[in-house]
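Please consider the predicted model shown here.

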Amino acid sequence: MSFATWFAFVIAGTVIAISPGSGAVLSMSHGLAYGVKKASATVLGLQLGLIMVLAIAGAGVGSLLLASETAFTVVKVIGALYLIYLGISQMRSKAEAGPTASAAGLAAHPPFKKRVLTGFLTNATNPKGIIFMVAVLPQFISKDAPLLPQLLILGVTMVTIDSLVMHGYAFLASSMQRLFRDARAMRIQNRFFGAVLVVVGSMLFFVKRAGAN
């Protein structure tokens, strides 16, 4: 793989990562609610999900998935329902105020494993991610070179880019934590990000597989 090809992929990967989506919304939501340090577990989960999507696309399974109406619909519905579930759960989450709010908030934070799992499922059940990778990866892979080394290079590059971008989203959101100290502000935050996740999840129902009318 030439440097020019790799650099072109860096540009494409950066644009894809920055584009608003469920991962960005989740990173901002957890960054605002838990801070950057705890949101790192969510970002880790997002990257594990991204690695799975890259592996599926690289192995050609993604193409088979897109060719099967039933398989694609199942993945799409699962991904949509999961995001809607996350959104409703966040909208219904309780907000506490007062001098004990900080301690109560820390106690209410989901454990590390749950944050990682939430991030993983968000990316792993996103059919738009599979569509993107199936469409993008072949453009940067040379048929005259071994496939696995190229996939590893592109995978490490994409995960690095996405990790930096998602942490950036979490950092930007966490910098506004001081504005969300009271219960009313926390309720607004939960309802806003919850509603965005519900909207993003609902939009997945309208995603069509390649070649579909």
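**Helix packing and a pocket**

H2 and H7 run roughly antiparallel to each other, because an angle over 145 degrees counts as such. The model is predicted: local features need pLDDT of at least 70, side-chain atom pairs count only at pLDDT 80 or more, and totals for chains, interfaces and linings use all residues. Residues are numbered from 1 along each chain as its sequence is written, and side-chain values use heavy atoms, with hydrogens and water left out.

**Packing of H2 and H7**

- H2 packs against helix H7 (residues 112-124) at an angle of about 160°, and their axes are 10 Å apart; axes are lines fitted to C-alpha atoms over the stretch in contact, and angles run from 0 to 180 degrees between N-to-C directions.
- The crossing of these two helices, H2 and H7, is right-handed.
- H2 contributes Ser22, Gly23, Leu26, His30 and Tyr34 to the contact, and H7 contributes Arg115, Thr118, Gly119 and Thr122 (contact means heavy atoms within 4.5 Å).
- By class, two nonpolar, six polar and one charged residues form the contact of H2 with H7.

**Second largest pocket**

- The second largest pocket holds about 520 Å³ of space, a volume being the space filled by probe spheres set on the grid points.
- Its lining comprises 23 residues, and Ile16, Ser19, Gly21, Ser22 and Asn126 lie nearest the centre of the pocket.
- Elements giving two or more residues to this lining include helix H1 (3-18), helix H2 (22-34) and helix H8 (127-136).
- H8 gives the most to the lining, with four residues.

Conventions:
1 Å grid on protein atoms, 1.4 Å probe; cavity = no way out; pocket = protein on both sides within 12 Å on 5 of 7 lines; lining within 4 Å. Parallel < 35°, antiparallel > 145°, perpendicular 65-115°, else oblique. Left-handed = near helix turned anticlockwise from the far one by under 90°. Nonpolar A, V, L, I, M, F, W, Y, C, P; charged D, E, K, R; others polar.
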